[in-house]
Amino acid sequence: MEVIGIYLDVLDLKNWDEKSWTWNYFEEVNTEEQTGDKGESLKRCKFLDANGKICGALYINDSLTGNAINHLLTDHEISKDGEINKNQQTIQTVMRVHKHKDNRQKELRKFLTDWIIDDLQPLYVVQSPLFCRLISELDPAFIMPDEKGIKKVISNAYNYTLPALIKKIKLEAKNISLTTDMWTSRGGQGYIGITCSYVDSNFNLNEITLTVNYVRYPHTAQHITESLEEILEKWNLRDKVFTITTDNAANMKKAISNMNAVEWQECSAHILQLIIGKGLVPVKALIMRVKRLIEFFLRPKQSERLKDIQKKYPNANKKDTEDSETDIEDEQEENIDAKDTAKYLHLINDVATHLDSKKDGKKLKEIMISDYEWDLLTDLKEILSLFAEATTELRGSKYVTNSLRVRMLIEIINTLTTNPSENYTNNDEQEDAFEDEGNFNISEPVLTFGLLDEGKSKLYANLKKYYPTLTTETLIPSILDPRFKSLDFAPDEQKIKTEQYLHKLFEKEKGGQKEHLIIFIYLVGQNQKKRNL
């Protein structure tokens, strides 16, 4: 009879009672936390299993109790009479756990969402059984939201924050600079990201990510311009933007040129990488030989063998014993030199005993870099370190970089102009040292004589191509920066011209302010006359 009664309860879907016994095991879900696919309110099973984990099964919260009864019967062996499996906790234990009040639940959900966003966690982490069990052990009274619930928290936070950010920028920013970049996802969809930067009245640098928006295909300059205009209109920033920084892509440059009263600013870090790629074409064969050597040691067997040699001969990279102690100490403070690395590689040949290792040693000997090539790599490393330092500094976002740019570029140019060659002039050559390997014979060592000067000349020519002039206007940011206002890195003649140009800009700005003040006084006077009349 008891079994018959249970199934009668399941089938009796119309005779719903507001105080159904199922509510001893279920609770209503706050609509702000989670709803059904069509916005329906939900109810959640709060039954605890033997491990203390809340069931959390969700059902539509309507007038029907059949699904809830069937769930309790099949999943937890609970009937209307409260009978329960001996291996599960009793109803008294279940009722001891009370969920947090709504305000506390919202606060905990916010903490969870902050962690997911800041640590770049996937949203589906909230559905991980082990993660849910961990949270249940730490705080059984917390109700874990699902993926939809997390998305809703993020959406609500965005809708609340957006008007506040728009108001903040409107009040604090007089002029705004944007940085934007575009990329294509694995699915072939184009996205554009936009970051806004400005200096407030207290001279604090502010940076705000405005959006990451989808851009429809094809990714033409027109479509990019339309996306930018739409985003600026949404943020009420169109009249404040005066410059936009992008990479050197033709569609991005064209898109900015299509916008009125906005100047295009090249991304210096990206330009420097283009210069390196084009400037190292003379040593492209050497780059390919080095890549081949690196690929050899990327194999697990060879990588382990190299590590073993380094451990067995820890002093292989040190100077000879006849060197002075001071030189040895200086050497130890630095990283292993490129040429010294070869000593480890040769040791692999010297200690090879087994047939297999001897074969690998023979292969290594065939692809080994010569001493002259190591010397050239050492010299190139010294030159390229300037590019690396400039790239690192100029991609910073927590400090002003425009004033730093010219100083670093002049330093690089001065390094490259020791013996400039006239063989390389400004041209539209698109060859890159790291792309399209081409037909190069890399089986023999590269003849390095003259290659260093040739590479320096090529780098210099490309620097002058992308930065034909570094005078007057480009030095204004530097002379306004307390760190570089002396312009000690520029020629004296250039300093004088820059100071004169700054004075000219100042007088123009001052004259414009006087003009605005006269107009303002005139308008106030006209309004006063109207009132008197």
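Me: Which elements do the buried residues of α9 pack against?
Reply: This is a predicted model, in which local features need pLDDT of at least 70, side-chain atom pairs count only at pLDDT 80 or more, and totals for chains, interfaces and linings use all residues. Residues are numbered from 1 along each chain as its sequence is written, and side-chain values use heavy atoms, with hydrogens and water left out. Contact means heavy atoms within 4.5 Å, and helices (H or I, at least four residues) and strands (E, at least two) are DSSP runs numbered from the N terminus. The buried residues of α9 pack against β8 (263-266), α15 (371-394), α16 (402-416) and α17 (451-466).

Me: How many of the 12 residues of α9 are buried?
Reply: A residue is buried under 20% relative accessible area, exposed over 50% and partly exposed in between (1.4 Å probe, protein chains only). The buried residues of α9 include S268, I271, L272, I275 and I276. Helix α9 is mostly covered, and its buried residues number nine.

Me: What distance separates the end C-alpha atoms of helix α9?
Reply: The expected span of a helix is 1.5 Å times one less than its number of residues. For the 12 residues of α9 (residues 268-279), the span should be 16 Å. The model agrees, as the end C-alpha atoms are 16 Å apart.

Me: Which residue meets E33 in a salt bridge?
Reply: A salt bridge is a side-chain nitrogen of Lys or Arg within 4 Å of a carboxyl oxygen of Asp or Glu. The partner of E33 meets it at 3.7 Å, N to O. E33 lies in the loop between β1 (26-28) and β2 (42-45) and its partner in helix α4 (residues 102-118), so the pair ties together parts that are 76 residues apart in sequence. Both residues are buried, and the partner is R109.

Me: Is K497 exposed or partly exposed?
Reply: K497 forms a salt bridge with E493, the closest N and O atoms being 3.5 Å apart. The two are four residues apart in helix α19 (residues 492-532), and therefore separated by about one helical turn. E493 counts as exposed at 54% relative accessibility. K497, at 43%, counts as partly exposed.

Me: Which residue follows α2?
Reply: Helix α2 (residues 66-76) has buried residues, among them I69, L72 and L73. The residue after this helix has a positive phi, near 55°. That residue is E77.
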